[in-house]
Amino acid sequence: MSRWLIAVSWLVPAGEREAWRCEWEAEFAFHARTHGAVLTRQRAARHIWAAWQHACWLRWQTMTVDAIVLDMKHAARVLSRRPAFTLAAVLTLALGIGGTSVIVSAMRAVFWRPLPYPSAHELVMVSSTDKAAPAAANANSVSPPDFSDWRASATSFVEMAAIRDDGYALPGGAGAEQITGNAVTGGFFTVFNVPPAVGRYLTPADAELGARPVVVLSHGLWQRRFGADRAIVGQTIQLEGVAREVVGIMPASFNFPIGAELWTPLPFTTEDLTTQRGAHYLTVVARLRAGVSRESAVSEMTAVAASVAANAKSRGDAGVSVAPLRDGVVGDGIASGMQLMLGAVALVFLVACVNVSSLVLGQALGRRRDFALRTAIGASRGRLVRGLLAESILLALAGGLFGVAIAAFGVRVIAALDAAEIALLDETRLDPVALGVTALVTMLAAVLFGLVPALHASKGVASGLASSTARSTGDRRRTRLRSVLVAVEIAFAAALLIGAGLLARSFWSLSKVNLGFEPRGVQTLSISLPTIAYADVDRRAAFTDDLLARLRARSDVTHAAVVLGVPLTNFSYYFGILEKDGQRVGADDRTAVELRIVSPEFFATLGIPILRGRVFADSDRRSTTAVAVLNSAAARVLWPDSNAIGHRVLLPTRLWRGGPRAGGEVVGVVGDIHDTGPARRVRPTVYLAQAQFPSDSLTVLVKSSAAPAEIVPWMRAAVGAADPGVPMFRVRTMDEFAARAVAQPRLYLVLLGLFAATAITLAAVGIYGVMAQNVGARTREIGIRVALGATRREVLSMVIGNAGRMAVIGLLTGVGIAVLVRPAIATLLFGVEPIDLPTYAVVAVVTLIVALAAAWLPARRAASINPVVVLKAD
Amino acid sequence: MPKSLSVAALTVLHTVASGTGHGFDIIDETGLPGGTVYPALSRLERDGFLSSAWESVEIARADGRPPRRYYKVTRTGVTALNEALEKLHALKPIRRATQAPARGRD
């Protein structure tokens, strides 16, 4: 307690300090005696707080504007006389504050901040969880009849809306541009409850059949393509050949679904609502009624979905999920990566704090003589401390200012980075709380480490003046403290370098992975054949043939195909093998295989090599023997010892009621493809022919040299010509799917690389600072050594050896940290172990080189010390 | 002439004038936070309303603790206190909340 009082008493102006100390000590002592037993912790804390406030008040009374301005002026003069130190400290502060704020802001945007809609906690995503619907990726999993029935019966929601992912060709100056847009049901904007920036949004009346075609534009599209002209509202634009009136423009903050640039109404025909129960292509969002919990909505929706399914008599295991909108948007797998980034940035932040502390500490040590002199000619200790405090505050202000600039810039970079691949990342805004907290902590570090040595330094007045070169042991200790700080910096920097190195190795192995197919130049568009109209599977096959023939009619189309299960889309449709060559497989040995249904040109479209036998031909029909194509992995696992061709394979599923079991005679083996991303294992896959097992849920693939904006309308026209009643959705290029598959690793690599570079730079600055100070302090000693016959080389190696020791200790600690935290990074690695010797070796070499390079200049200076000059100066 | 006293300062002054002279005791008696009481004491002393002295060393030593600082009201302090109290007493209590006259929207 009393030690604490003495510390606080330094705040009290010197004239009143003694009295203040006595008064409080006596009060505490008296109370400890009289109330000893009842002096609660809380009461004591209140009294301590009162003492602190009293001290502050007394100090405040003595402060005048003039005195503060004078202090600041003096501080500015002192700092400008040491430009290298000032620059290093300001940059360190700026990097620490800026970098940390950027990452924390990004984390907040993706995970913590409520979505930018009113009462965002009420927003949910409703999805079917029906295993029988193979084409259903999680987010696109509701069919129009289900949606319509759910919306009619559920009472938990204010409004429920369906979204069809879509793309539109918008004609413009330099040819049509392919725009990501969405068709939405009438309640969509009611769900989000965001007012339009200009005009109005879509209403249920717009989504009625036969209503005038209208469109709502996003803020981005409005700015980019229409020059932010308000007069566009009310005008008509051409979209996919349909003239649509622009009725409104959404504000910039409205971005749902992520990346959508326009919204058109989505009407359902009677046929949509009666025959398409199996057509799962809608994303459904809803707003919970006030006071209704998500749990109760889940239980209501489960009952509703079950009764809807029972009425429709279509499916047995219709389930439903009601997830918070953010979960539906962000998806899983990102959290661990972002947490690692947060940990990394925390390390950078610590390095920055340590570095600035070490800089300020060294600075204060170097000025002992200055302090001593000023004390001797009458400056009070309080004055010295105030001067130092003013310097720290100036440094902190400058660093903070630059930090805000870096943060503002970094946030823009982050928001622009891979915006399409990590949902909500583009919503990153500068977070004032993050900025404030990091700024405060960094500045505290600067002030603390500046003040403590100043207090000590100003104590030893006499010794400081006695000789400029005689160093007390206390001085040694503080120099050693600085060395420890620098070693800590090196440790953190090395740990970050190891992390970045591992991610780089991992990314390298990832990019070396041959996907097994060529995504370039392939445009995709998904379709869903109406259930009743296409109940006859031969019609499905006929439709496919007709469609493919139409698609091939274009001269720049080299290949066209349909597939159930586009690679790289998280599609999964797997079964345990039921029979091999007519023999039942025991329940335990049923190898799981993926099933894909494709048209003959699928392999050519994606450039998948045929390894043995043949792929499907147009002559493989329902009337001919069922055939199957295996990928190499399936052939290996099913018939490891012999050629798979000629064997028969059967899966336990029938693709339509009353149809044959899926499977057939193996006629060919094709190359493996990494269809779930380069980091995932290749799955054994059985391909069946669309002509023999016609699927009603398909994605059309076209390989062409034409631009998407040209080829997509062509594909739409072809689908429309084959059957105008077939809904189309999810227009994407294969390249987009492929880019998405490696977007996260790339982002993590870039970020961690930046952090590691920052940390090692800061560490280098730290090493340079401490070595320069060491050499400065030992000038006399080195002079004597040289006078006694030490060679230049010996002096050089002495200084370098010093730095080397620091670097080695830091490095070993860093390696220790990396080994300790390896589980955190292991999940992000591909093709490299968390303890990877080459990476560790490279990091060790890099760290040592940087350390020695940073020590080189001070070492050179030491080596060039002229003993005559030094010793004469004394 | 010193500035008029705040209610907190007046309370502290009154407590000291009533015979409670030690900081912690004043905190306990007034219920005011220590961060208010101590600055008020320092300010009142500076303005000459209070004077402070240290407890005799014998008493403190007999009790086994350092001597406490105690505050006493000065003559000026008593005058100022009484003037302020009279001013306060001149204010008549309000029985009932009177309604503010309705104003049109402008």
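**Ground rules.** I count residues from 1 along each chain as its sequence is written, with chains lettered from A and ligands numbered from 1 in the order in which they are written. Because the model is predicted, local features need pLDDT of at least 70 and side-chain atom pairs count only at pLDDT 80 or more, while totals for chains, interfaces and linings use all residues.

**Confidence.** I looked up pLDDT, the predictor's confidence in each residue, from 0 to 100. Chain B has a mean of 81, with 88% of its residues at 70 or more. For the complex, the predictor gives an ipTM of 0.82 and a pTM of 0.65.

I took two residues as in contact if their C-beta atoms, placed from the backbone, lie within 7 Å. Chain A gives 17 residues and chain B gives 15. On the side of chain A, the elements giving two or more residues are helix H2 (14-34) and helix H3 (41-62); helices are DSSP runs of H or I, at least four residues, numbered from the N terminus. H2(A) supplies the largest share, 9 residues.

**Cores.** A nonpolar core is a set of buried Ala, Val, Leu, Ile, Met, Phe, Trp, Tyr and Cys residues joined through C-beta atoms within 7 Å; buried means 20 or more other C-beta atoms within 10 Å of a residue's own. The largest has 127 residues, of which A:Val284, A:Val686 and A:Met715 touch the most other members. I also noted a second, separate core of 111 residues, including A:Ile97 and A:Ala854.

Technical notes:
A residue is buried if 20 or more other C-beta atoms lie within 10 Å of its own, exposed if 12 or fewer, and partly exposed in between; C-beta atoms are placed from the backbone.
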